[in-house]
Amino acid sequence: MHPTQIILKSGRSAWKGPYFVPFQNLREALTNHVAIKTKARSCTILPNFVGVRCMVHNGKEYLPVLVTQDMVGHKLGEFSFTKKRFTYKATKK
């Protein structure tokens with residue numbers, strides 16, 4: 001399946017197209033390997049984002065996300081977790 005077909009099979013209607021935020025420094029990020037800071041967790045990952053390092057906001061801090069080919073068609077927020085993993089700490093006796 002081609003990446004463009006994956007994008008069109010999302011929950012958003014086909015005539016609207018995927019939701020994405022135009023990043024002005026996308027070319028700079030690709031050439032210089034500079035991270036893009038964003039709070040747009042609902043932005044769809046497009047094929048031209050592959051290889052870009054994004055710093056996605058999880059509500060408290062920015063977490064690094066390296067975009068790969070498998071992530072095309074998903075949202076940026078899917079790769080920046082908002083909740084911490086629960087760990088049980090034993091009490092001292």
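**Rings, strands and buried residues**

Q: Which residue lies over the face of Y62?
A: A charge sits over a ring if NZ of Lys or CZ of Arg is within 6 Å of the ring centre and within 35 degrees of the ring normal. Here the distance from the centre of the Y62 ring is 4.5 Å, and the residue over its face is K37.

This is a predicted model, numbered from 1 along each chain as its sequence is written, with pLDDT of at least 70 needed for local features and 80 or more for side-chain atom pairs, while totals for chains, interfaces and linings use all residues.

Q: In what order do the elements of the chain run?
A: Helices (H or I, at least four residues) and strands (E, at least two) are DSSP runs, numbered from the N terminus. The chain has two helices and three strands. Read from the N terminus, they run α-α-β-β-β.

Q: How many aromatic pairs does a search of the whole structure find, and which residues form the pair?
A: Rings of Phe, Tyr and Trp (its six-membered ring) pair if their centres lie within 6.5 Å, with planes under 30 degrees apart called stacked, over 60 edge-to-face and the rest tilted. The search of the whole structure finds one aromatic pair. With 5.6 Å centre to centre and 55 degrees between the planes, this tilted pair is formed by F23 and F49.

Q: Are F23 and F49 buried or exposed?
A: Buried means under 20% relative accessible area and exposed over 50%, with partly exposed in between (1.4 Å probe, protein chains only). Of the 93 residues in the chain, 27% are buried. As for the two rings, F23 and F49 are both buried.

Q: What relative accessible area does C43 have?
A: C43 is in the loop between strand 1 and strand 2. Not counting residues up to four places away in sequence, C43 touches residues including F23, F49, Y19 and H74, where contact means heavy atoms within 4.5 Å. C43 is buried because its relative accessible area is 0%.

Q: What distance separates the C-alpha atoms of V52 and A29?
A: V52 also has its place in the loop between strand 1 and strand 2, and counts as buried because its relative accessibility is 1%. Beyond its neighbours within four places, V52 is in contact with L26, A29, L30, I36, V65, L66 and V67. A29 is 23 residues from V52 along the chain, yet their C-alpha atoms are separated by 6.3 Å.

Q: Why does H57 count as buried?
A: H57 is found in strand 2. Its contacts outside four places in sequence are T38, K39, R41, Y62 and S80. H57 counts as buried because its relative accessibility is 16%.

Q: What is the phi of H33?
A: Most residues other than glycine have a negative phi. H33 is in the loop between helix 2 and strand 1, and is exposed because its relative accessible area is 64%. This non-glycine residue has a positive phi, near 55 degrees.

Notes. Side-chain values use heavy atoms; hydrogens and water are left out.
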